[in-house]
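Subject: Structure for your files, with notes

Hello,

Here is the structure I said I would send. My notes on it follow below.

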Amino acid sequence: MLKINQLTLAAKATFVGSALVVGAGFPATYADEASEAKGHEIAARSDRSDNGFTSSEVSAVMTLTNKAGKTSTRELSFKTLERESENVGDKGLTVFSTPRDVKGTALLSHAQILTPDNQWLYLPALKRVKRISSANKSGPFVGSEFAFEDFTSTELNKYSYDYVGEDTFGGMSVDVIERFPLYAKSGYTKQVALIDQQVFQTRKIDFYDRKGAHLKTLTLSDYREYDGGIWRAHRLEMVNHQTNKSTTLTYSDYAFKTGLKDADFVKGVLKRIR
Amino acid sequence: MPKTMTAMDEFAVKLANRVINWRWLVILATLVVTGIVFTGTANLGFSNNYRDFFSESNPELQAFEDFQDTYTKNDNFLFIIVPESGDIFTNPTLSLVEELTEKSWQIPFSSRVDSISNFQHTRAEEDDLIVEDLIAGAADLSAAEIEDKRAVALAEPLLNGQLVATDSRAVAVNVVVQYPQLDMNEVPNTVAFVRAVRDEMKAKYPGHDILLTGVSSLNVAFQEAGFNDVINMIPMMYLLLIALMVVSVRSISGTFTTVLMIAFASLIGMGAAGFASVALTPISLSAPTIILTLAIADAVHILITMRNSMRVGMDKRSALIESVRVNFLAIMVTSLTTAIGFLALNFSDAPPFWHLGNIAAVGIVAAWLMSVTFLPAMLSLLPIKAPKPSDDGGSAFFGRLAEFVVAHNKKLLYGIGAIAIALMAAVPQIEFNDQWTEYFDEGIEFRRDSDASIEYFGFYPIEFSVLAPGEGGVSEPEYLAKLDEFADWLRVQPNVTHVYSISDIMTRLNKNMHGDDPSWDKLPDDRELAAQYLLLYEISLPYGLDLNDRINIDKSASRVTAMLTNTSTTDTKIFLDSATDWLTENAPDYMKPTVPTSAQVMFTYVAERNVESMIAGNIIAVLAIGLVMIFALQSVKLGVLSIIPNGLPIVVAFGVWAVLVGTVGFSVAAVASVSLGIVVDDTVHFLAKYVRGIREKGYDRAGAIKYAFETVGSALVVNTVILVIGFAYLATSAFKINADMGLLTALAISLALIFDFLFLPALLLRGSSRFVAGSTNTNDSNKGIENA
């Protein structure tokens with residue numbers, strides 16, 4: 001009996017020791033400049049693969065599953081306006097159609113790179129537009145396992161990068177890169193992304209939380225190619241490993257270059273949505 | 001040697017001869033077997049989850065698991081910061097909270113951290129909804145700003161009484177942890193990390209005390225209590241054992257061999273538990289102490305008989321063989337009944353009692369086998385001096401006692417009977433109390449910190465998953481109004497320190513959305529509006545501070561948490577019942593099925609569940625032990641009669657406990673079958689001698705009683721003293737449940753001796769003479785139990 005206890009105590013001491021070292025320092029990988037540059041290059045190639053899509057409209061169904069296996073769905077649509085500069089984020093308009101209680105609720109978002117996003121929400125029951133002033137970006141979107149930033153456009157300059165190596169995933173050759181959020185209030189310390197070497201799309205992302213523990217895995221599948229060589233995943237599945245909850249986001253067909261302009265992404269339009 | 005040898009006697013003599021002839025092989029085999037079984041201990045680990053005290057089929061556990069699957073796991077750490085200044089609204093204390101909140105995100109497996117610093121304070125500024133940390137940059141806040149924070153925090157129902165004490169003397173940081181439950185070291189490692197964080201904060205911010213409680217601290221306390229017991233109790237128990245042996249058998253060789261035998265029996269018991277991959281709890285860790293206590297009796301019987309034979313001039317080898325012969329059946333029967341009593345614990349609802357029962361049973365059987373193999377083999381090797389013929393074994397005293405009992409048998413029968421009935425009538429007054437903080441003694445940090453924390457915050461959460469009318473129903477105005485009413489009702493109940501309900505969030509948002517106009521400080525009266533508020537709020541919350549732990553996935557139920565201060569199990573039951581009654585009387589139909597759940601609810605009913613589940617176990621133990629008694633005494637009538645002196649003292653022990661102590665934890669359920677298995681030993685010895693006195697020696701009943709007293713009286717006293725000391729010693733356990741069980745069992749064993757000496761003889765005298773069937777048949781006279 002004593003023997004076991006001593007072992008436990010020894011293990012305890014080792015663990016605390018190593019945990020404190022990791023806690024105090026930076027992530028264990030020591031990136032050199034070359035691998036940083038390569039990581040950035042791969043991320044940039046992927047990010048730029050849809051340059052010129054101008055604007056898109058799509059509807060989606062979000063299915064939430066809890067640990068007990070119960071599910072719940074929300075239907076919503078997204079309009080996105082591309083902004084060419086890589087130093088500003090895209091503009092987005094999210095409109096909820098179900099659950100019935102929130103039908104017509106609309107979220108206008110001007111994504112920022114390193115500062116809080118600008119967000120306005122229209123509440124039809126209140127008939128008013130409210131600007132949300134919040135520094136929070138990584139919070140769960142409407143109770144799902146997605147943060148808003150997880151499924152909206154990826155902005156190249158939100159992260160620093162490191163190249164890890166090559167791997168295969170789902171029969172494809174993929175590059176593995178790590179990306180480190182630059183936004184101070186991000187809920188993540190690290191993301192590991194797999195980007196295929198053929199059409200340069202993100203296939204899988206592992207998210208690591210503030211203490212560096214594996215938090216979630218996002219798997220992107222059902223990629224379809226649209227005119228102009230633009231690829232979009234139509235099924236996004238996010239699994240939270242810590243809570244065993246998951247969320248699936250299924251998109252219908254995208255429409256591109258639908259003629260959306262800056263004027264369609266201002267506060268005033270929110271009230272006119274139905 | 002008696003004139004007639006039974007088959008059992010012949011077997012025993014043959015066995016003893018073989019053992020002595022092959023003694024080196026027997027010793028080697030014992031060492032090898034012990035060594036092999038001992039390797040099993042490598043698989044042993046300490047349990048660090050309070051759920052291990054509940055079986056999978058426990059209804060309260062199932063309800064709580066469902067609840068946790070719907071919302072979130074309830075494992076947590078709660079830091080409580082108490083500044084010496086007596087006011088937490090100062091720059092240093094708020095800085096400490098802010099830094100500790102930030103650091104807590106680094107705690108392994110942490111998924112959520114709540115404190116007044118990261119509380120998501122919402123307010124309106126024209127048409128803006130501002131969502132921000134309540135306290136950021138605490139070190140630089142001005143006195144006016146700090147007063148502003150105080151006003152906000154104390155006005156916020158979700159904070160006041162929960163994360164900040166109403167009188168501002170303490171402040172808390174709550175950390176929710178989600179263990180993957182893959183590795184036994186998860187909890188101890190995390191606790192070690194958390195303690196390091198606490199120590200670092202205490203060093204950095206002098207003048208602050210930091211208490212550490214929460215479910216994770218409770219879980220590790222189980223482990224630490226078990227560890228303390230192993231470190232502190234077992235070595236002391238061996239010293240005690242050696243002292244007892246020296247007094248009773250006065251032989252170094254005998255003591256040495258007995259210590260080895262008992263250590264081996266414990267190792268085999270624990271090794272077997274290892275092969276079954278048992279997670280050790282303080283309860284199962286009482287097994288080594290119990291095995292030791294019970295095994296010592298076997299050895300003492302063999303040694304005393306051997307020395308008595310040597311005293312009258314028998315050589316060592318003959319004395320040893322005679323001792324094995326005389327004790328063989330007695331040791332077998334008493335080991336068997338004791339093992340049955342322990343095995344009956346498998347009927348309990350609490351897995352730790354299954355483990356205790358099985359470990360003890362394995363140890364008892366191992367000790368029995370060794371007492372007729374390893375022990376004689378060793379004794380035949382080691383030098384043993386023949387004692388001087390002197391002492392009469394106290395038989396003169398017991399002769400006088402017998403005369404007294406015979407003379408006053410009527411008074412004794414009715415007097416003891418009346419006292420027994422009076423005490424039995426007190427049994428229903430026993431109150432179950434399973435307040436889990438009080439399971440631990442003050443040597444455990446968790447107990448000290450919990451006791452200290454009670455002054456500032458509640459301790460026992462009671463959860464309600466309040467059902468709404470279907471999907472999205474939590475936004476229904478009627479639901480929110482009833483939820484608010486329920487929360488208000490809960491707040492005024494005795495012992496309730498805080499109530500958390502989403503109706504408070506809704507009220508605040510409604511005010512925020514109307515420009516913080518105080519006239520809108522009320523619930524929204526429109527379902528869609530409430531749903532949209534929730535959506536807005538959910539979008540603006542940061543990582544880890546979502547509402548998923550408060551509202552279920554399809555928004556058809558929300559969670560209300562009532563915190564109770566240190567509350568007895570009885571008062572908790574009253575609270576739970578009145579909450580359920582309130583819902584039945586006041587809530588709409590869809591809300592009525594709402595039931596309370598939580599670890600506290602589980603512990604509130606743990607005693608009932610275990611007593612209930614042990615009813616079958618006790619019945620089986622009584623029947624099985626009764627059969628053994630019938631076999632051992634060779635008399636159906638005496639076997640049945642023996643239930644009275646065996647069963648009565650146990651029930652009376654509960655009565656004595658009810659009068660003297662009053663409250664008891666759930667281990668009470670284990671006491672009956674365990675004590676029954678043990679107390680029958682004395683009855684077996686006494687009745688066997690009584691039967692022998694009548695059948696073989698031809699005494700009348702009074703004579704047979706005197707004969708029984710003179711032959712086994714002192715052995716029974718010695719035996720009882722050892723057992724009582726061993727079980728009473730469990731009271732020094734760091735775990736109160738063991739203390740309850742040990743003291744109650746010790747009480748039952750002591751009472752059993754009184755009943756055997758004062759009540760049983762009277763019963764035999766006053767009862768029908770047909771209690772001993774076939775008293776003329778002397779051929780079978782030695783089939784029954786004989787003893788030194």
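A residue is called buried here if 20 or more other C-beta atoms lie within 10 Å of its own. Please keep in mind that this is a predicted model.

By that rule, helix H15 of chain B (residues 445-453) has these buried residues: Phe446(B), Arg447(B), Asp449(B), Ser450(B) and Ser453(B). Among the elements that cover them are strand E2 (76-83), strand E7 (208-213) and helix H7 (215-249) of chain B.

Pro108(B) sits in the loop between helix H4 (91-104) and strand E3 of chain B. Pro108(B) counts as buried because 20 other C-beta atoms lie within 10 Å, and 20 or more is what the rule asks for. Between Pro108(B) and Ser284(B) there are 176 residues along the chain, and their C-alpha atoms are separated by 29 Å.

The two chains

Chain B has 788 residues, of which 58% count as buried. Its secondary structure comes to 26 helices and 14 strands. Along the principal axes, the C-alpha atoms of chain B fill a box of roughly 110 × 50 × 45 Å. Taking the contacts in chain B between residues at least 6 apart in sequence, 81% join residues at least 24 apart.

Chain A has 274 residues, and buried residues make up 36% of them. It contains 3 helices and 14 strands. For chain A, 46% of the contacts between residues at least 6 apart in sequence join residues at least 24 apart.

Where the chains meet

On the chain B side, 52 residues are in contact with 46 residues of chain A. The elements of chain B that each supply at least two residues to this side are helix H3 (59-70), strand E3 (110-114), strand E5 (128-133), helix H6 (186-204), H7 and helix H18 (527-540). H18(B) gives the most, with 10 residues. By class, the residues of chain B that touch chain A divide into 24 nonpolar, 16 polar and 12 charged.

Helix packing in chain B

From H9(B), the contact is made by Ala287(B), Ile290(B), Ile291(B), Leu294(B), Ala295(B), Asp298(B), Ala299(B) and Ile302(B). The H11(B) side consists of Leu356(B), Ile359(B), Ala360(B), Gly363(B), Ile364(B), Ala367(B), Trp368(B) and Ser371(B). The contact of H9(B) with H11(B) has 13 nonpolar, 2 polar and 1 charged residues. As a reminder on spacing, an α-helix has 3.6 residues a turn, so residues three or four places apart point the same way.

H8(B) passes H11(B) in a right-handed crossing. Residues of H8(B) in this contact include Met261(B), Phe264(B), Ala265(B), Ile268(B) and Ala272(B), and those of H11(B) include His355(B), Ile359(B), Val362(B), Ala366(B) and Met370(B). The contact of H8(B) with H11(B) has 14 nonpolar, 5 polar and no charged residues.

Helix H24 (residues 668-695) and helix H26 (residues 736-766) of chain B come within 9 Å by their axes and cross at roughly 30 degrees. H24(B) and H26(B) are therefore roughly parallel to each other, with a right-handed crossing. Among the residues that make the contact are Val671(B), Val674(B), Ile678(B), Asp682(B) and Phe686(B) of H24(B), and Met741(B), Leu744(B), Ala748(B), Leu753(B) and Asp756(B) of H26(B). By class, the contact of H24(B) with H26(B) divides into 16 nonpolar, 3 polar and 3 charged residues.

A kinked helix

Where is helix H10 (residues 316-343) of chain B kinked? The kink, of about 45 degrees, is centred on Asn327(B). H10(B) is mostly covered, with 25 of its 28 residues buried.

Regards

Conventions. Residues are numbered from 1 along each chain as its sequence is written. Chains are lettered from A and ligands numbered from 1 in the order in which they are written. This is a predicted model: local features need pLDDT of at least 70, side-chain atom pairs count only at pLDDT 80 or more; totals for chains, interfaces and linings use all residues. Two residues are in contact if their C-beta atoms, placed from the backbone, lie within 7 Å. Helices (H or I, at least four residues) and strands (E, at least two) are DSSP runs, numbered from the N terminus. Ala, Val, Leu, Ile, Met, Phe, Trp, Tyr, Cys and Pro count as nonpolar, Asp, Glu, Lys and Arg as charged, and the others, Gly among them, as polar. The bend at a residue is the angle between axes fitted to the seven residues ending there and the seven starting there. A residue is buried if 20 or more other C-beta atoms lie within 10 Å of its own, exposed if 12 or fewer, and partly exposed in between; C-beta atoms are placed from the backbone. A crossing is left-handed if the near helix is turned anticlockwise from the far one by less than a right angle, and right-handed if clockwise. Axes are lines fitted to C-alpha atoms, for helices over the stretch in contact, and angles run from 0 to 180 degrees between N-to-C directions. Angles under 35 degrees count as roughly parallel, over 145 as roughly antiparallel, 65 to 115 as roughly perpendicular and the rest as oblique.
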